[in-house]
Amino acid sequence: MYPLTRLCASVACALTLVSLVPRSAGAGDIVGRVELVEKGGKKATELSDVVVYVESAKTKGKPSKEVLSMKSKAFTPHVLAVTTGSTVEFPNEDPILHNVFSVSGEGFDLGLYKRPKSGSRTFDKPGIYTLYCNIHPQMSALVVVRDNPYFARASRDGSYRIDGLPAGEYKVIAFHERSGEGAPVVVKVAATGETTANITLDAASYKRVQHKNKFGKEYGKEGY
Ligand SMILES: [Cu+2]
């Protein structure tokens, strides 16, 4: 029995070593919870549109291909976080015309199209892009573009985790459309294990303002 036990022990040991290698190379995780305080001090109960990201990380993110569809006169998902250089497809799944546009940064305009047509945009610069439809004033979406790969969307309850950061000091920032970016929380990530960063966002002074169409004018009342 002894040799077998020894064998098992050494296999377990080897497995442990294998799983520990990336950690001991210096990667830690940031975990935490985001709170969004609304008017009157009420706390939001649905936080999945919060994006949490890390500043001052040198690692470049790998561009990806994402889909943000237009269906039933809504953008789905409402919030998308991508790395710089990523391309987002905007298929129109409705039998009516939509017109995706943004006036954030240098702005863009995909023009009018309906099912089964699609349009796309490559986001080459980091930033927060607000997207609208030029036909339907109620349609909006946000694309958060980050240079490094360390970002996450929060769960409904506000919890989040960002894995695999090289050891070092980072600013952790949370963003929600009703609060904007919150104050950065500075954390020291060790070469292994988790560091906690809880963040409170203040949306108490948020006021919904109807945006203009792509021509900078009020939306018409034609009833599209
Ligand atoms: Cu539309």
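Modeller: Happy to. First, a word on the labels: helices (H or I, at least four residues) and strands (E, at least two) are DSSP runs, numbered from the N terminus. Residue numbers start from 1 along each chain as its sequence is written. Please keep in mind that this is a predicted model, in which local features need pLDDT of at least 70 and side-chain atom pairs count only at pLDDT 80 or more, while totals for chains, interfaces and linings use all residues.

Let's begin with the loop between β4 and β5, where K73 is found. S72 sits in the loop between β4 (69-71) and β5 too. Both residues have a positive phi without being glycine: near 50° for S72 and near 55° for K73. As for surroundings, a residue is called buried if 20 or more other C-beta atoms lie within 10 Å of its own, exposed if 12 or fewer, and partly exposed in between, with C-beta atoms placed from the backbone. S72 counts as exposed because it has 7 C-beta neighbours inside 10 Å, whereas K73, with 14 inside 10 Å, counts as partly exposed.

P77 belongs to the loop between β5 (74-76) and β6 (79-83). Another cis peptide bond links R115 and P116, where omega is about 5°. That proline, P116, is in the loop between β9 (108-113) and β10 (118-123).

β10 brings us to a sheet. It is open, has three strands in the order β3-β7-β10, and its pairing is mixed. β3 (65-67) and β10 are at the edges; each has a single partner strand, so one side of each lacks a neighbour in the sheet. From one strand to the next the twist averages 25°, taking axes as lines fitted to C-alpha atoms (for helices over the stretch in contact) and angles from 0 to 180 degrees between N-to-C directions. Two strands are said to pair if DSSP finds at least two bridges between them. In general, strands of a sheet pair through backbone hydrogen bonds, either parallel or antiparallel. Here β3 and β7 (residues 86-91) pair in the parallel sense over three bridges, and E66 stands opposite V88 in β7.
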